[in-house]
Amino acid sequence: MVPTSYYILLSAILFTIGVVGVLVRRNAIIVFMSVELMLNSANLAFVAFARAFQTGEAVNAAAMSGQVFVFFVMTVAAAEVAVGLALIVAIFKNKHSIDVDQVHQLKG
Amino acid sequence: MHDSSTAFSLSSLVPLIVVFPLLGVILNMLVGKRLGDPWAGIIASLMSGLAFVIAVLQFIGLFLDNFHATTITLAEWIVIGTLKIPWAFQVDTLSVTMMLLVTGVGTLIHVYAIGYMKGDERFHRFFIYLNLFIVMMLFLVGGNNYLMLFLGWEGVGLCSYLLIGFWFDKGANGVGNARAGRKAFVVNRVGDFGFVLALFLIFWTSGSLIFNDSFKYFEEKAKEHATVTAPAPAKAVEAKPAEGHGESEGPTTEQIATAITLLLLVGAAGKSAQIPLFIWLPDAMAGPTPVSALIHAATMVTAGIYMIVRSNVIFHLAPTSQMVVALVGASTAFLAGSIAMGQFDIKRVLAYSTISQLGFMIAAAGMGAYVAAMFHLLTHAFFKALLFLSSGSVIHGVEHGHHALHAHGGGGHDHHDAHAHNAQSDSHAAQASAASPDHHEFDPQDMRNMGGLRKQMNVTFWVYLIGAIALAGVFPFAGFWSKDEILADAWLIGSKQPYGVAVYVLLSVAAFFTAFYMGRQVFMVFFGGERTDAAKHAHESSWVMLTPLVILAVLSVIGGALNLPKFIPGGEALGKWIEHSVEVHAVGFNLTVALISTGVGLFGIFLSYLVYGRSPMMTMTDPLERLGFVFRFLNGKWYVDELYQAIIIRPIEGFATFAAFALDWDLWHDFFHDTIIAGGFRWFSGFLAGFVDKGIVDRFFDGLGGFVRETALNFREFQTGYVRNYALMVLFGVVAVLGYFLFVR
């Protein structure tokens with residue numbers, strides 16, 4: 001059985017890739033995808049910990065809550081995608097571009 | 001104080017004596033204007049007459065009750081601690097004498113005034129004042145305590161003021177009469193000030209203002225004093241009586257009594273027109289003539305004498321005050337008598353004569369001759385009221401003649417008009433004396449405008465003559481007996497103490513003056529030829545005016561019978577009567593004195609005949625004017641008014657000006673208010689606005705605002721608008737929070 005630390009490591013790598021994606025890319029779609037990557041890296045960590053805490057066949061509240069949380073995150077991600085993509089479409093309609101740096105009117 | 005089984009019905013009626021005139025006041029106030037002329041006057045006279053009836057009933061009651069003094073208490077007035085003052089009337093021989101006088105003479109003058117005031121626009125108001133005067137005078141003489149006396153005292157002062165200024169729109173510059181009223185009022189305040197202090201002192205010493213109680217205290221003190229004095233050597237006496245009671249060392253009873261009596265004398269000098277407060281009475285002649293007769297000759301001005309006689313117990317304790325009182329009275333008699341010789345205004349002569357006669361009474365009261373004082377008070381009330389009323393009749397006649405003359409010349413003055421204009425006549429009193437003979441306005445009171453009136457005004461002439469002879473003190477008229485009694489008292493005192501001699505001499509000279517100026521007046525007014533056309537056309541007054549004159553003339557003739565010398569059967573009636581209220585020492589008839597005073601009187605009349613009667617003056621120049629500056633001095637009234645003007649009024653006005661301009665305006669307003677308060681305030685508000693508000697508060701809040709602004713400007717830099725920057729910051733935040741959790745905690 002693959003040790004849990006591998007999963008955590010993978011999750012961390014994925015999260016880092018997401019963060020770097022958000023910070024360095026200007027394409028809104030890519031940024032968006034990076035956000036999704038971070039969310040899903042978190043999901044991976046949840047699931048990995050859930051499996052690590054699973055002992056025997058009996059239903060374990062601690063392990064189960066990790067699994068359940070993943071569903072919450074997926075739901076939220078889905079809603080976020082809906083809102084986010086709508087925003088990107090609206091921005092594109094205005095600017096004919098999806099470069100996030102084009103949208104910086106709200107500066108102080 | 002005693003069972004009043006027999007006299008209950010009569011003495012308990014005494015409150016009515018005040019109620020009737022008061023009813024008259026109220027009635028005339030309510031409906032007087034509608035009743036008008038002459039009904040308002042008839043009501044007032046009726047009420048006064050009813051009061052006279054009550055007074056007569058009191059007189060009878062006293063006879064039935066063996067002259068016992070009775071006190072009729074109506075109600076409590078003031079009760080504060082030990083100070084208890086009731087509304088109570090004292091019915092004794094002294095108060096009843098005064099009640100009879102006030103209501104009797106008052107009623108006659110009311111009747112006279114109906115005729116005199118005919119056609120006056122304020123007819124009913126005059127009678128309201130007259131009735132109010134009667135009310136107040138009866139409070140004055142009827143009360144059983146000093147406060148009721150004071151109430152009446154102030155009340156008659158008020159009426160006097162109102163009546164002097166009755167024609168307030170007349171007189172010099174249209175304010176002369178009002179000024180005369182004010183002068184009377186203010187001068188009387190000076191006297192009242194002394195009187196009030198005396199009242200305080202009486203209460204403070206004896207603990208009561210009720211006559212009987214405080215007199216009892218003083219009598220006991222006097223007895224104590226006598227018992228202590230008898231064995232002790234004279235020097236040690238002074239402090240003894242006070243120590244005897246265990247009181248702290250204070251003034252002796254005699255010293256207190258002296259203080260009280262001197263203060264009472266100040267009060268009496270104000271009301272009874274004595275030196276130095278007599279100056280108001282001549283000016284008071286600005287009032288209508290009935291007022292001059294009633295208030296300023298017969299009744300009110302005698303209040304001071306009544307008050308001294310009433311307070312005789314206290315005066316007995318203070319021989320020094322008695323001497324002062326006697327000397328003040330005698331000097332006043334002398335001074336006013338001399339001034340009367342130099343006056344031209346018929347009423348002014350009488351006014352100074354009144355002052356002079358009041359001086360006789362005060363002197364008598366001071367010498368302890370209370371019967372003589374009261375006797376002279378009564379007879380003087382008769383003949384002086386008579387003289388004033390007759391002079392009113394003369395003025396009326398001359399005024400009438402003046403207008404009749406004009407009616408002949410220009411036409412247009414009817415009978416009624418003449419009466420209405422009469423109003424103006426009295427008002428000249430205020431300015432007439434100094435008027436020069438060539439003044440163009442006709443003065444009906446100036447004796448130089450008269451002469452020969454004997455033919456036109458026969459009745460008035462005879463009654464005037466009777467009054468003048470009575471005043472001059474010719475045997476056997478009323479004035480002879482009363483004046484002689486005073487002179488006999490002075491003679492007696494003079495044989496014991498030196499001041500009595502001075503009093504006697506002053507009074508005798510005053511008696512000579514009296515005879516002379518009355519003779520001068522009669523010769524000037526009634527004898528010789530008419531000096532003006534007005535005098536030629538003068539005619540007799542109506543009978544409503546003459547009837548009281550005749551009654552008063554009869555009283556002036558027989559008034560002496562009130563107190564004839566002892567050797568005549570029924571003599572000393574007044575003395576025996578007054579005796580029940582006041583401690584009396586009879587002097588008896590003194591033939592020497594009587595002969596001297598008769599001689600002096602006759603000599604005065606003879607001299608006036610030589611000057612005025614033998615060769616009647618036909619021009620406007622008085623023969624006495626040949627005396628030069630002496631006459632001018634007398635005519636100028638010894639320049640007392642001018643003296644007061646210089647030493648009292650001018651400094652006071654100067655001080656008032658100083659207070660108004662220097663103190664109030666310059667110092668208080670300009671300096672204190674403007675400079676100190678307003679300036680200080682301005683400086684302080686400037687300090688607050690500039691230094692505190694602008695310097696501290698504003699700078700603090702400006703600084704705060706600037707700081708916030710600067711900070712905000714710096715923080716602005718963070719908000720770049722680039723999403724990635726925000727994300728980076730979030731990252732930093734997350735790293736920081738995680739770092740905190742991982743490494744710090």
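How many residues does the contact take from chain A, and how many from chain B?

Modeller: This is a predicted model, in which local features need pLDDT of at least 70 and side-chain atom pairs count only at pLDDT 80 or more, whereas totals for chains, interfaces and linings use all residues. Residues are numbered from 1 along each chain as its sequence is written, while chains are lettered from A and ligands numbered from 1 in the order in which they are written.

The contact takes 10 residues from chain A and 10 residues from chain B, where two residues are in contact if their C-beta atoms, placed from the backbone, lie within 7 Å. On the side of chain A that touches chain B, 5 residues are nonpolar, 3 are polar and 2 are charged (Ala, Val, Leu, Ile, Met, Phe, Trp, Tyr, Cys and Pro count as nonpolar, Asp, Glu, Lys and Arg as charged, and the others, Gly among them, as polar).

Chain B itself has 29 helices and 2 strands, which are DSSP runs numbered from the N terminus (H or I, at least four residues, for helices; E, at least two, for strands). Among the contacts of chain B with a separation of 6 or more, 80% join residues 24 or more positions apart.

If neighbours within four places in sequence are left aside, B:Leu138 is in contact with B:Ile17, B:Val18, B:Ala51, B:Met99 and B:Val102.

The strands of chain B, β1 (residues 70-80) and β2, pair in the antiparallel sense over 9 bridges, at least two being required by DSSP for a pair. B:Thr71 stands opposite B:Gln90 in β2(B), and B:Val79 stands opposite B:Lys84 in β2(B). Together β1(B) and β2(B) form a hairpin with 2 residues between them, and B:Gly81 in the turn has a positive phi of about 60 degrees. Strand β2 of chain B (residues 83-91) is largely enclosed by the rest of the structure, because 7 of its 9 residues are buried.

Helix α3 of chain B, residues 93-116, holds B:Val111, which counts as buried because it has 22 C-beta neighbours inside 10 Å. Not counting residues up to four places away in sequence, B:Val111 touches B:Ser45, B:Val544, B:Thr547 and B:Pro548. B:Ser48 is 63 residues from B:Val111 in sequence, and their C-alpha atoms are 9.8 Å apart in space.

How values were computed. Buried ≥ 20, exposed ≤ 12 C-beta atoms within 10 Å, placed from the backbone.
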